[in-house]
Amino acid sequence: MKIKIQRQRLTEYEVNLKNPTLLEVLNEIKTTQDNSLTYSSGCKSSVCGSCAMRVNSKEVLACGYKVQDGDIIEPLNNMPIIRDLVVNMDKALGFNKKSITWLNPQANTPELSQDDEKRNALQSDCILCSSCYSSCPVYAVNEEFKGPFSLTRVFKYVSDKREAKPKEKIDVIQLNGIWDCTLCNECTLVCPQGISSKADIEKLRMKSIQFGYSDPNFSIGGGLDFGAPQF
Amino acid sequence: MKRDILVIGAGGAGLVAALNAHEKGMKVTIITKDYPTRSQTSMAQGGINAALGNAGEDSVQSHIENTLKSAQGIASEDAINYLCSSAPQAVEWLNSIGVQFSRTKENKIAQRTLGGASAPRACYAQDYTGLKILHTLYDRVLASEIEILSDRYLLDLINSQDKKSVCGVSVLNKRTGEVEVYESRVVILATGGYARVYDKHSTNAVGTTGDGQAAAIRAGARLSDMEFVQFHPTALKSSSILISESARGAGGYLLNSKNERFVDELLPRDKVARAIDAQIKKGEDIFLDIRHLGEEFIDKELPQERKLALLYEGIDPVNELIPIKPVAHYTMGGIEVDEDSQTIIKGLFAVGECANHRVHGANRLGGNSLLELVVFGAQAGENAAEYAKEILNQVQDDEHEIQDDEHEIQDDEGKVQDDEGEVQDKIIQNCHSELDSESNIEIDFYKIKAELGDLFYKNVGIIRDKNSLESALKKVQKFISDIPLMGVNDRSKIYNTNLIEFLEFKNMLELSELILSGAIVREESRGAHFRSDFPQEDEKFKMHTIKDKNGVVS
């Protein structure tokens, strides 16, 4: 099969493997055809988040994607390319700290029930592969958007009974946060762990309203407004 | 910038050590070869042991006894006592910082039985226990002022002139290709295991290449029990991807081609792996059967196992058998440390899979490695902080003395700088010579790396003997002597993974020789080290194999 990889220029490679994953194809090219092909990988079992990239413009984990003849492989979007398929995730990961994505523990940890556990079990499956970040169209207009994985992490902690200061987190995601999302759902479609950041952002909007915040996009006219265009 | 403590490695052990040292007021920097959540810890599935008794009667004493038994006589009873008695507190701490453990109907942390355990003792978070612990630890690090330096590959430790204490590390910045030197009188190695010596015959992530152990022994530290490598009974047959022991803990069976069970599935891993190996040698194919557990249970408790089996083996365990084989999974051996997690090099600490705390002995129990990294991570972080404080006081005292004689200061500083300059030049030369040398590559190291893995799986695997080990040693020595004929084709300085993989490969070759020499000398069978020519345990070998770069210490 033939695939094309976006390096300094789009480069075609041919490999002969049976029903391989993309990571197997990349390893084959690197070790037998071109030692300079550059990409990241780790666990090869979809849990370490190292090998996210785009195939035919859609984000996948290379270790979890079965290659089709003619696939075009590109690095993730919205992040500076270091080389070939390796991007610099520092800024993206930095939004975690900006969004206070950790638990502020309570003096006495409350007991959790099975229902409590279900509330954020899925969100805690996140592997920080940045697929969602890459797919997000908001970065075209706002480079400071806190982004899907950080906001999912915020939801994970504010929905946790053990969190002592949920309001602090809600406060910090008002600006460049939940209201900047267009709810386009691209992040959900590409998440290898089946997490919907879009749904988490909607839930965070509900929580924000409970804390007395309102949608700044609707606030210009004041009063009741169900989304008519503002001029 | 002045740093009190450097932590090399950002897996569970490194993060816990960093957090604890930071809590003691230290300025801590974590250096990792990837990003902090990429580590092997994310792959731990089954659970973390603590005798909480939430799912059936249990006691710390039973946990100690089970661990001791599985260690087969070569473990420290004190270290195991400390590990097991600290376990409930360790899990409570993880719970307090937000780990999403699964829960019982009584609102307790859920627990299940893993191999070799007399009670349901492994606290779990579905089958993503390691992932959820790792990410919660990472989030705690974000809450602190700990500095994280990503994409930096450990080259070497830098010693003081008298070689007795550590004074920093050299790393290759993957993004720039530059060698960087970080100074610190306290370094904690938390770089993981070396099971990738087995290459594709390992469940481990590709970066589990023993960089820390190799750097440590080059710097004069000791390694111990390197011949003890654990084979996990159930990896997927075609990809070596791990299927958690919790599948058997929940009632999964092992079957051969005749649909017969042939072993108690919940024996310790060394015994189950040998039973499977014996079946395979008889020509049987081996399967894990969890069909009878039902779809609802599998989706609730073992969602990752179903996903992995579907994706990498093309079968759905809800209604099909899972083809499996045992592969290298965990390395019990590692950097020799004392009860404070310190090596014989002052200021050099080691923790996690890269260290040998003598708690696993000849065979680790499932659920004890996540426990080890929390308990000893905390202890190593605290001890490193204490040591750093002592050093800081000393330096302050020294500075007072020296102030009386300004000439002396200048001389001293000048000398240190010269030395450092020299060290740095040497390291840069070593590292960049791979990039600068004339293209004269006669042997493809990727081929040798694969060959090394096949050789180890066959000759240094579940069953070994004198012949298999000695012929493997000869081959490894040949590979080592051929290193000058190998090299990297990629000459770029920017993110040169060809170079990194070559450096990793050279580390593994260095360790391969040590694994083999340990296995050859140990003419007995104990835990994961099984010699068909010496199938019995021998009292005379009830000891640790300890080595430094000059050979056998004891």
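Chain B of this predicted model is divided into three parts: domain 1 (5–227 + 331–392), domain 2 (232–328) and domain 3 (445–552).

**Inside chain B: domain 1 meets domain 2**

- The C-alpha centres of domain 1 of chain B and domain 2 of chain B are 28 Å apart.
- In this meeting, 23 residues of domain 1 of chain B are in contact with 24 residues of domain 2 of chain B.
- Together domain 1 of chain B and domain 2 of chain B bury about 1900 Å², and 46% of that area is on carbon and sulfur atoms.
- On the side of domain 1 of chain B, the residues that lose the most area to domain 2 of chain B are Gln45(B), Asp127(B) and Thr203(B), which together make up 29% of what that side buries.
- How many salt bridges cross the interface of domain 1 of chain B and domain 2 of chain B? There is one.
- Between domain 1 of chain B and domain 2 of chain B, 11 residue pairs are in polar contact.
- Sorted by class, the residues on the side of domain 1 of chain B that touches domain 2 of chain B are six nonpolar, 13 polar and four charged.

**A buried arginine in chain B**

- Find Arg526(B) in the loop between α14 (497–521) and β19 (546–548) of chain B.
- Is Arg526(B) buried or exposed? Arg526(B) counts as buried because its relative accessible area is 1%, and the cut-off for buried is under 20%.
- A polar atom of the side chain of Arg526(B) lies 3.1 Å from the backbone oxygen of Asp538(B).
- Leaving aside neighbours within four places in sequence, Arg526(B) is in contact with several residues, among them Gln72(B), Ile74(B), Phe228(B), Ala362(B) and Phe541(B).

**Where chain B meets chain A**

- Here 58 residues of chain B are in contact with 56 residues of chain A.
- The area buried between the two chains is about 4700 Å², with carbon and sulfur atoms giving 47% of it.
- Three residues, Arg38(B), Gln100(B) and Arg103(B), supply 14% of the area that chain B buries against chain A, more than any other three residues.
- Between chain B and chain A there are six salt bridges.
- Arg175(B) and Asp90(A) form a salt bridge, and their closest N and O atoms are 2.6 Å apart.
- The two chains also share 33 residue pairs in polar contact.
- Four helices of chain B, namely α3 (77–96), α4 (129–143), α9 (303–313) and α14, each supply at least two residues of the side that touches chain A.
- Which helix gives the most to that side of chain B? It is α4(B), with nine residues.
- By class, the side of chain B that touches chain A has 19 nonpolar, 22 polar and 17 charged residues.

**Chain A as a whole**

- Chain A has eight helices and seven strands.
- Along the principal axes, the C-alpha atoms of chain A fill a box of roughly 60 × 50 × 25 Å.
- Of the 231 residues of chain A, 55% count as buried.

**Inside chain A: domain 1 meets domain 2**

- Glu59(A), Asn78(A) and Met79(A) supply 50% of the area that domain 1 of chain A buries against domain 2 of chain A, more than any other three residues.
- Across this interface of chain A there are zero salt bridges, while six residue pairs are in polar contact.

**Two serines with a positive phi**

- Most residues other than glycine have a negative phi.
- Ser46(A), in the loop between α1 (22–32) and β3 (52–55) of chain A, has a positive phi near 65°.
- Ser57(A), in the loop between β3 and β4 (58–61) of chain A, has a positive phi of about 75°.

Technical notes. Residues are numbered from 1 along each chain as its sequence is written. Chains are lettered from A and ligands numbered from 1 in the order in which they are written. This is a predicted model: local features need pLDDT of at least 70, side-chain atom pairs count only at pLDDT 80 or more; totals for chains, interfaces and linings use all residues. Side-chain values use heavy atoms; hydrogens and water are left out. Domain bounds come from an automatic or database domain assignment. Contact means heavy atoms within 4.5 Å. Buried area is the accessible area (1.4 Å probe) that two parts lose on being put together, summed over both. A salt bridge is a side-chain nitrogen of Lys or Arg within 4 Å of a carboxyl oxygen of Asp or Glu. A polar contact is a pair of N or O atoms within 3.5 Å; within protein, one must be able to donate a hydrogen and the other to accept it, and residues adjacent in sequence count only if both atoms are side-chain atoms. Ala, Val, Leu, Ile, Met, Phe, Trp, Tyr, Cys and Pro count as nonpolar, Asp, Glu, Lys and Arg as charged, and the others, Gly among them, as polar. Buried means under 20% relative accessible area, exposed over 50%, partly exposed in between (1.4 Å probe, protein chains only).
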